[in-house]
Amino acid sequence: MAGHSKWANIRHRKGRVDAARAKTWSKISRAIIAAARAGGGDPVTNLALRYAIDEAKSENMPKDTIQRAVDKGAGAGQGEDYEQISYEGYGPAGVALFIEALTDNRTRTAGDVRYIFGKHGGNIGNPGSVAFMFQTKGQILIEASKADEEQLMELALEAGAEDVEAPESEDGGFTITCEASDFLGVKEAIEGAGIEMISAEITKLPDNTVELSVDDATKLLRLIEAFDDNDDVQKVYHNGQIPEEALSA
């Protein structure tokens, strides 16, 4: 995927999150509750909870809101009992989609996901049909103006990063990738250097991408938005390369 196009795709996803902050906070709260219920309320010993709390902080969720979610999840025998589940399928032009959900009703969520795929020209697949196309990685985004390339590259690589992609345009930025197991070390090294990050997360990156026409990309974006609007869906990953014309539209 071309660097600038890749950056535009990532920034668009981030912008979608910012535009729907209330729903985003609700989904992150659910992730915090589920993580605390599964592994306890201490983020030092519960890595999934730490990731969820870090994501909440990156989305400017108030501290008391985060703590309420932790307390709710850590309260034995109280509140919702969410189940983590994933779905796989194909969208326009054969784009692969991997969807992560947290649900208290597996039947409802499966029906919703199947309906959304069908309504927007996609097809739900069997477990394992597209999962092999993605790798779980740590990914950190930094605006070009926030860091010196040589300093950042040395810092990130010494901390365990696999790759640091430099900006290919003035409105681009640095994209740092690493193994999920090295994510916290890389993130903490960058934080320790006082470098501001746009986002830092564990994500799924496609091994290969599918170039899309503006029309197919627009259809894919509508499909992704429909999934984003579903309360049970937490994350949507895909391997489509969306033209900037479609993002602008």
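Modeller: A crossing is right-handed if the near helix is turned clockwise from the far one by less than a right angle, and left-handed if anticlockwise. The model here is a predicted one.

Biologist: What is the handedness of the crossing where H5 passes H8?

Modeller: Helix H5 covers residues 106-119 and helix H8 residues 214-228, and their axes come within 10 Å. By the clockwise rule, the crossing of H5 and H8 is right-handed.

Biologist: Is H5 roughly parallel or roughly antiparallel to H8?

Modeller: The axes of H5 and H8 cross at roughly 160°. Angles over 145 degrees count as roughly antiparallel. Therefore H5 is, relative to H8, roughly antiparallel.

Biologist: Which residues of H8 make the contact with H5?

Modeller: From H5, the contact uses Val113, Ile116 and Phe117. The contact residues of the two helices comprise six nonpolar, no polar and no charged. On the H8 side they are Leu223, Ala226 and Phe227.

Biologist: How many residues in the contact of H6 with H7 are polar?

Modeller: Helix H6 (residues 149-159) packs on helix H7 (residues 183-192) at about 145°, with the axes 8 Å apart. Leu152, Leu155, Ala156 and Ala159 of H6 meet Gly185, Val186, Ala189 and Ile190 of H7. Seven of these residues are nonpolar and none is charged, and the number of polar ones is one.

Biologist: Which residues lie nearest the centre of the second largest pocket?

Modeller: That pocket holds about 650 Å³ of space. Nearest the centre are Gln84, Glu100, Ile202, Lys235 and Tyr237.

Conventions. Residues are numbered from 1 along each chain as its sequence is written. This is a predicted model: local features need pLDDT of at least 70, side-chain atom pairs count only at pLDDT 80 or more; totals for chains, interfaces and linings use all residues. Side-chain values use heavy atoms; hydrogens and water are left out. On a 1 Å grid over the protein atoms alone, a cavity is a set of points where a 1.4 Å probe fits but cannot get out, and a pocket is an open set with protein on both sides within 12 Å along at least five of seven lines; lining residues have an atom within 4 Å of a point. Grid points are joined across faces, edges and corners, and a volume is the space filled by probe spheres set on the points. Axes are lines fitted to C-alpha atoms, for helices over the stretch in contact, and angles run from 0 to 180 degrees between N-to-C directions. Helices (H or I, at least four residues) and strands (E, at least two) are DSSP runs, numbered from the N terminus. Contact means heavy atoms within 4.5 Å. Ala, Val, Leu, Ile, Met, Phe, Trp, Tyr, Cys and Pro count as nonpolar, Asp, Glu, Lys and Arg as charged, and the others, Gly among them, as polar. Angles under 35 degrees count as roughly parallel, over 145 as roughly antiparallel, 65 to 115 as roughly perpendicular and the rest as oblique.
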